[in-house]
Amino acid sequence: EAPRAGGTEVADGLAMLTSMGFEEGQARGALERFHGSLDRAADWLMRGGQEHGGGDHDMGVAAAEPDTAAAQGAASNEPPLDEEMTRVQASLQGAMQRLVGNLAPQWPEIRLALQTLQSLLANIKQFPNEERYRRIRVSNKAFQERVGRHPGGKEFLVAARFRYSPDGEFLECRSGDAAVVYLACEALSAALDALPAT
């Protein structure tokens, strides 16, 4: 089991790392290796450390992975995603992993970026037929400061099926992508819930 340097802290760290796209077994192994230190575990995983080590910690990662799918299935009553949605979900997680990993441990900046993305997508969910909510001006100062300038920020929106306008001035969401917007909102909510308190 992961060290109890504070059970809540370890659980929060595990949730944060899995929200970044890492397998639960990988995240748990990294937290064990660094005695519950989220920053060091995240850095190690981002550098691909789980593939280069050896010894007991890596064995722990390998042993934990087979249970991940069963745990996820048991935790969800929703029908399984089709192949396309599974690919979208993987793209969303990859973009979020890049965004969070690039900024960690600057948690306030991460929170602001995720909240901004969440607000943009929530408006689309609430007003699906309002074109103004489905178009984001890439050069908008607030968007650039909070999201656009960070690696992974615009990529997250592209993963959510936003597309650049022909002139490159806007990122636009098609009105028929409600399921993808829902997935993106769920991913952002989970990531925000897992952030350490600041």
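**Helix packing, strand pairing and cysteines in a predicted model**

Helices H6 and H7 are roughly antiparallel to each other, because their axes cross at roughly 150° and angles over 145 degrees fall into that class.

**Contact of H6 with H7**

- From H6, the residues Met 96, Leu 99, Val 100 and Leu 103 take part, and they meet Glu 109, Ile 110, Ala 113, Leu 114 and Leu 117 of H7.
- Sorted by class, the residues of the contact of H6 with H7 are eight nonpolar and one charged, with no polar residue.

**Contact of H7 with H8**

- The axes of H7 and H8, the latter formed by residues 141-148, come within 8 Å and cross at roughly 125°.
- On the H7 side the contact involves Leu 112, Ala 113, Thr 116, Leu 117 and Leu 120, while Phe 143, Arg 146 and Val 147 are the residues that H8 contributes.
- The contact of H7 with H8 is made up of six nonpolar residues, one polar residue and one charged residue.
- Ala 113 and Leu 117 of H7 meet residues of H6, and Ala 113 and Leu 117 also meet residues of H8.

**Strands around E3**

- Strand E3, residues 170-173, pairs with strand E1, residues 135-137, in the antiparallel sense over three bridges, and Ile 136 has Leu 171 in E3 as its bridge partner.
- Strand E2, residues 162-164, is likewise antiparallel to E3 and is joined to E3 by three bridges, with Phe 162 standing opposite Cys 173.
- Five residues lie between the strands in the hairpin of E2 and E3, and in this hairpin Gly 168 takes a positive phi near 75°.

**Cysteines**

- The structure holds zero disulfides, and for Cys 173 the nearest cysteine sulfur, that of Cys 185, is 9.8 Å away, whereas a disulfide would need the two sulfur atoms within 2.5 Å.
- Cys 185 is likewise in no disulfide, its nearest cysteine sulfur being that of Cys 173.
- Cys 173 counts as buried because its relative accessibility is 4%, which is under the 20% cut-off, and Cys 185 is also buried, with a relative accessible area of 7%.
- Cys 173 is thus a buried residue that stands opposite Phe 162 in the pairing of E2 with E3.

Definitions and conventions. Residues are numbered from 1 along each chain as its sequence is written. This is a predicted model: local features need pLDDT of at least 70, side-chain atom pairs count only at pLDDT 80 or more; totals for chains, interfaces and linings use all residues. Side-chain values use heavy atoms; hydrogens and water are left out. Axes are lines fitted to C-alpha atoms, for helices over the stretch in contact, and angles run from 0 to 180 degrees between N-to-C directions. Helices (H or I, at least four residues) and strands (E, at least two) are DSSP runs, numbered from the N terminus. Angles under 35 degrees count as roughly parallel, over 145 as roughly antiparallel, 65 to 115 as roughly perpendicular and the rest as oblique. Contact means heavy atoms within 4.5 Å. Ala, Val, Leu, Ile, Met, Phe, Trp, Tyr, Cys and Pro count as nonpolar, Asp, Glu, Lys and Arg as charged, and the others, Gly among them, as polar. Buried means under 20% relative accessible area, exposed over 50%, partly exposed in between (1.4 Å probe, protein chains only). Two strands pair if DSSP finds at least two bridges between them.
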